Amino acid sequence: HFLPAIAEAHHARVPLIVLTADRPPEQRAWGAAQTMEQRALYQGFTRWCEEAPAPTGPVGECAYAAALARRALAEALGPAPGPVHLNLPFREPLLPRAPTSPGIPPAAPCKSHELRENRHAIGTADAVLTRELAAVGRGVLLLGPDSAEPGLAAALADAAHTLGWPVIADPASGLRGDPALAGVLIEHADLLLRAEACAASLAPELVVRLGGLPTSKALAQWLVRHDAARLWLLDPAGAWRDPTHRAERVLRMSLASFCASAAEVLIPAAPDWLEDWHHCQAATRAALEQALAGESLFGAPQLTRALWQALPEDALLLVGNSMPIRDLDAYGGQRAAALQVLGQRGVNGIDGLVSVALGAATAHRGPVVLYCGDITLLHDVAGLLAARLAGADLTIVCLNDDGGGIFEHLPVAQAIPRADFEALYALPHGMDLAALAGGLGWNGVRVLDEPGFRAALGKALGGGLHLIEVVVDRAANTALRQRLVAAVGHALTAS
């Protein structure tokens, strides 16, 4: 929301210094999450713009930072006062720790990965590709966001069975809920890969990825842990969406073409490889069911599962970023029928999501449901009004934990005083979102348990504008997720 203020300051000659945080330069144009070109984001409205180098710790950087601040102030207060834009990239770790802190591990040595030929014209009968696939005993097919192709699930299942490889599909891949993938799809990969022993035992030789980076942090850490594994990227446009800089090959081909090539593989994979994944999956599913059965709290995991199971096949589910898509990834499980799932995983932003759902509702012939958090909803309150004016049918399921629940799962929640965390990260708002929606012409209802939610959802799917606000205690919800992860980890270690 900076742009309107910057435009006004430009024309009104109001001095303004705008600081934007950014990823480091090596992450740009490589498909990293929450990364876009923003160095010239306000071009045409600023008196001066500059990008600082990512800080690394030398004392000399303090002098540069001070000089940058002085010049920014001088430029903003110049003969024609106005906005100045400073873009500030940062590398992890982002917590304010001293450079000599014993908690910061030493930098890992650079690893050399052979850069294989970038084969842009591989066809379905490419003998080299099929021969290389046949030589891989422990491979994984990883489908990230935006990788869906109509009618692909059956071909993907055949390819996975032929190769003897598991399929890991991000919720936003469009393939997560398709029953055609039963037997090869690992639905709870996010949970089972959080168990250290399990993640260590499932070491791949090759990962073939289509689409953007997967949502799951546990999956990303598993890939980092097994950095000896080769990484191939499938991309019809031949783009290097590889912020880890590990890909040895980019195949300019669709997933359908790859599946056709895989069908030519004659030598099966390691016989126990897929079974090992199935064993971990079964143990995870059993532990999760048992843990949930012992919980009295109706929190995000139960809400996610109830919504995932209740939506009909002709529905469209738009999943918000932050925790909703992560909860779906961890707890979604199996479905009896396929379900179209969309997500805003390009820049991973939460802005404008109600309006995106409205756009989907005007085009989709079945029910459209937006599942989001409270902060996401508040970022696009105007979308609630636009939906009423458009006369659309739309249901919003909003998990209200009074703030940014995702930050409770990050190290910063324990690294700074609680009062500072609430003010700077959690951002509690105290809003009654059902009442807010009601004031804008929606059917707003607050629910506190699963029966109430199922009843409200059943009514909402009949048409109209409905906002179902599910109120949970943020601390209790965070503790619930942690208990479930611990229960699964304990079961996997024992098995």
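Modeller: The largest cavity holds about 70 Å³ of space, in a model that is predicted. Its lining is made up of 13 residues, and those nearest the centre of the cavity are Ile168, Ala189, Ser216, Leu219 and Asp329. Two elements each give two or more residues to this lining, namely strand S5 (167-169) and helix H5 (189-192).

Rolling a probe the size of a water molecule over the atoms shows where empty space is left. Around the second largest cavity stand Arg209, Gly211, Leu233, Leu234, Asp235, Ala239 and Arg241. Three of these lining residues are nonpolar, one is polar and three are charged.

The lining of the second largest pocket divides into eight nonpolar, seven polar and four charged residues.

Asp190 forms a salt bridge with Arg194, and the closest N and O atoms of the pair are 2.4 Å apart. Arg194, by contrast, is partly exposed, with a relative accessible area of 43%.

In general terms, side chains of opposite charge can pair when their charged atoms come close. The whole structure contains 22 salt bridges. One of them joins the side chains of Glu132 and Arg249, with an N to O distance of 3.3 Å. Glu132 belongs to helix H3 (residues 127-134) and Arg249 to strand S8 (residues 249-251), so this pair ties together parts that are 117 residues apart in sequence. Both Glu132 and Arg249 are buried.

A further salt bridge lies within one helix. The side chains of Glu422 and Arg418 meet at 3.0 Å, N to O. Both residues belong to helix H16 (residues 418-426), where four residues separate them in position, about one turn of the helix. An α-helix has 3.6 residues a turn, so residues three or four places apart point the same way. Glu422 is partly exposed at 21% relative accessibility, and Arg418 is partly exposed as well, with a relative accessible area of 40%. Elsewhere, salt bridges that share partners link Glu132, Arg230, Glu248 and Arg249 into one network.

Burial can also be followed along a whole element. Helix H10 (residues 300-310) is mostly covered, with nine of its 11 residues buried. The buried residues of H10 are Ala300, Pro301, Gln302, Leu303, Thr304, Arg305, Ala306, Leu307 and Trp308.

Arg23 sits in the loop between strand S1 (16-22) and strand S2 (48-51). With a relative accessible area of 26%, Arg23 is partly exposed. Leaving aside residues up to four places away in sequence, Arg23 touches Arg28, Ala33, Gln34, Thr35, Pro89 and Phe90. The C-alpha atoms of Arg23 and Asn87 are separated by 9.8 Å, although these residues are 64 residues apart along the chain.

These parts may finally be placed in the protein as a whole. The protein has 19 helices and 14 strands. Its C-alpha trace spans about 75 × 55 × 45 Å along the principal axes. The radius of gyration is 24 Å, which agrees with the value near 23 Å that a compact globule of 495 residues would have. Buried residues make up 47% of the 495 residues. Of the contacts with a separation of 6 or more, 76% are between residues 24 or more positions apart.

Conventions:
Residues are numbered from 1 along each chain as its sequence is written. This is a predicted model: local features need pLDDT of at least 70, side-chain atom pairs count only at pLDDT 80 or more; totals for chains, interfaces and linings use all residues. Side-chain values use heavy atoms; hydrogens and water are left out. A salt bridge is a side-chain nitrogen of Lys or Arg within 4 Å of a carboxyl oxygen of Asp or Glu. Buried means under 20% relative accessible area, exposed over 50%, partly exposed in between (1.4 Å probe, protein chains only). On a 1 Å grid over the protein atoms alone, a cavity is a set of points where a 1.4 Å probe fits but cannot get out, and a pocket is an open set with protein on both sides within 12 Å along at least five of seven lines; lining residues have an atom within 4 Å of a point. Grid points are joined across faces, edges and corners, and a volume is the space filled by probe spheres set on the points. Ala, Val, Leu, Ile, Met, Phe, Trp, Tyr, Cys and Pro count as nonpolar, Asp, Glu, Lys and Arg as charged, and the others, Gly among them, as polar. The radius of gyration is taken over C-alpha atoms; the globule rule is 2.2 Å times the number of residues to the power 0.38. Contact means heavy atoms within 4.5 Å.
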